[in-house]
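Here are my notes for a colleague opening this entry for the first time. Please keep the view beside you as you read.

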Amino acid sequence: MKLAGAVIGQYFPGASVVHLLDPRMKILAAFAYAVALFLVGGYPGLILMAAALAAAVAVARIPARWLLRAIKPIVFLAGFTFIFQLFLRGGEVLASIGPLDVYEEGVRHGAFLAARLVLLVLSSAVLTFTTAPVLLTDGFSRLLSPLGKLRLPAYELSLMMSIALRFIPTLLMELDRIIKAQKARGAEPGRGGLVRRARSVLPVMVPLFVLSFRHADELALAMESRCYRGGRGRTVRRRLKLRARDAVFMVIVAVTIAAALLV
Amino acid sequence: MRIELENAGFVYQQGTAFEVPAVNGVSLVVGPGERVGIAGPVGSGKSSLLALMSGIVPPDSGRLLVDGRPVAGGTRIERGSIGIAFQSPENSLFEKTVYDDVAFAPRNLGVGRDEERRRVMAALAAVGLDRDQFGPRNPFSLSSGEQRRVALAGVLALEPRLLLLDEPTAFLDPATRADIIGRLVELNRAHGMAMVIVGHDMDELAVFAERLVIMDSGRVVADSPARKLLTDVTLLERHGLEPPGTVQLSRMITQKTGQHVEPALTEAEALMQLKKLREQGGSR
Amino acid sequence: MQLEKSPLPARPASARILLSTPATGNDPLSEPMIIFEDCSYRYPHAGALRPALDKVDLAIGTGELVAVVGANGSGKSTLARMANGLLLPDGGSVRVKGMSTAEPGNLDAIRETVGMVFQNPESQIVANSVEDDIAFGLENIGLPVAEIEERIEEALGVFGLEELRGREPHWLSGGQKQRTVLAGVMALQPGLLVLDEPTSMLDPRSQREFIDYIDSLRRDGTAIIYITHIMREAATADRVVVLSEGRVVADAGPREVFSDEGLLRSAGLDAPLPVRLSRALDAPVALTLEELVG
């Protein structure tokens, strides 16, 4: 269950302003934030961006351990980026490690790149922490809806995405159970030489595929039974409504990004 | 083999917004050759408890001891000595033939060809599948009842000293259910294999269990000889469980006649009580 | 012993001989809700030795609760999938309110009439929250938003899901998932409800509550096909249909069906405890413990 828990505990329920914002605006803001991170030229801008994110975290009352958990998977990458940059020539020599000199410019640049990476991951984490998956899919599907005008099946696309989101946790839990069941039969996945290791995947993957196909089959029957006919004649129940707070939010986002790019 | 959970705790969905303690400070001993039933309402933590007993899932607090030695302290459980079948074990079938699937466990244990063959044959026989008829078949072409039998054989082929089963008869038809429970009791009697079954059908546990553990909200609320607990209507109902049909019948007879009748646990006992009731009714 | 008065007209005693004359529920003049006529089906994949359904005749009227029992693989689930045209018979026909499932133009109307609940609740939840899942079917049939909201509230209330309305499916227990699925189906207000082992994930107490709920639906006029392995649940039905190797081998009141020991054994079934005990006593067949004690 630990494996599944790490992936599906993505939503941090709450009632803060950040939680209540229109999901479309949050998705757009997260996107703009990511783009701006790559355009920001120097530390003042980056610090401004970090401060803005910190403000959102504080308002949403997201606990620090959730943030740490979010960046855990990229700690290695960020650290590697930093160390790799350390030896760039430029400025004073700060220290010598054996034959290698560490330059001031290297530290500066390495820290910048690492911080940018961390902020990128944290900003998308804040989006998923503060937006219920239902609203997240809703938001995405509304943002995708102009595709319908291009005669692309917008409803079907968003339904596909929503079903994928719906079943990922289920399949992860089942994967977890299958691994345990095969371990109980003496399997030791991931042990031995390459061939043995590759073979040891089968006892886990075959049951997982069988189960996935069964889910897909049964889900299709259940959907048809509940009168699914594609987007034809379908009621759109939840219309997302923009409120004053969303407008204020977007203004703040725009001002912050503009300031970060200009300073 | 004797396994012991000492003040064991397990938290479900740890590290998420919805974490709940599934098992909360449970101490429990299962000795050699015992036949134990674990009952409790849905969500009482009985499945998690079973997983903790297998050693496959480490407890978040407390510890598991095998023959008095703590497992976490570097002692490994002897491979194959504890077998566990989780709910719907047929969901873990994967080989192309029934024979190969049942042979998966003995192969992992590294027993020789002859021993492997002996174990597969013995396991198939124990679950009531004809080895010549079923051995070469594709497990995915079998009926759900047959798949369940193959999956149980796949765990039995470990030849464990302790067998843990989570709702081994769920989703099966009544004849298959009764047959599987009967075979498990037989295995226990013939080989002294200790068994723990998690279930909520009290009629079934009345047939299977010598000792009963009742769980509610992550804790063990009763642990006594099965007869004592299965006949304790107040206790069972307090924990959302239905007394076996025969026990309900005895209670109705008591209520009707105003004379206390001992709760019946078998159909033979219930029949005796009914006969007596009818004689009284006739003489009145 | 006073026999419980059957809500249905008396039927001939031999269960095996009587193969369903169209039953008409409470009103003898009304058209049955669903009629299976000479209905056969064989799964297309290789290795299907015998038909999954073999010349099945069955009719169910409004307000009638019909239990379908049989061993694993006897054709129960196939029968369920025929009821709303998910599977079409190779031979014979299925008609819902007179509409044949073989006519593609009828399917929309048939599916609005027939509610289906399958065995595994996990794979029947489509949406990412309880509330949205209940809405799924209602949105599909294009109801106005106000009515959708009304029906969602009602379904949440009936199934005790108000607290869980925003919960994602993977945080629900098995029983909660089952209730969510049922709420989603019942919100569509089906005239015929087909339930394929719907209580398999519930404990006995919840199973009894479920049976009470089904009973209230029947009294309100819903026709119900109830597939189950639990014989004491079947004993509460108006009729019990026994399937064996794809054939209907009995279709009669529970008292008659359960009194035929040989029939049950050959179909891989077992009579409920009160029936077994009354048989051992050579007494008239009792369906409940209360009847047995008198």
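1. Contact here means heavy atoms within 4.5 Å. By that rule, and leaving out residues up to four places away in sequence, Ile214(C) touches Leu65(C), Leu193(C), Leu195(C), Ile224(C) and Tyr226(C).

2. The model is predicted: local features need pLDDT of at least 70, side-chain atom pairs count only at pLDDT 80 or more, and totals for chains, interfaces and linings use all residues. Residues are numbered from 1 along each chain as its sequence is written, chains are lettered from A and ligands numbered from 1 in the order written, and side-chain values use heavy atoms, without hydrogens and water.

3. Ile214(C) is among the residues with the most contacts inside the largest nonpolar core, as are Leu195(C), Val242(C) and Phe258(C). Such a core is a set of buried Ala, Val, Leu, Ile, Met, Phe, Trp, Tyr and Cys residues joined through side-chain atoms within 4.5 Å. Buried means under 20% relative accessible area (1.4 Å probe, protein chains only). This core has 54 residues. Helix H5 (residues 174–186) of chain C gives the largest share, 5 residues. Helices are DSSP runs of H or I, at least four residues; strands are runs of E, at least two.

4. Glu197(C) sits in the loop between strand E7 (192–196) and helix H6 (204–219) of chain C. Which side chain of opposite charge is nearest to it? Lys76(C), 4.6 Å away. Glu197(C) is buried yet has no salt bridge (a side-chain nitrogen of Lys or Arg within 4 Å of a carboxyl oxygen of Asp or Glu). Among the residues that Glu197(C) touches are Phe171(B) and His229(C).

Note on methods. Buried means under 20% relative accessible area, exposed over 50%, partly exposed in between (1.4 Å probe, protein chains only). Lys and Arg count as positive and Asp and Glu as negative; His and the chain ends are not counted.
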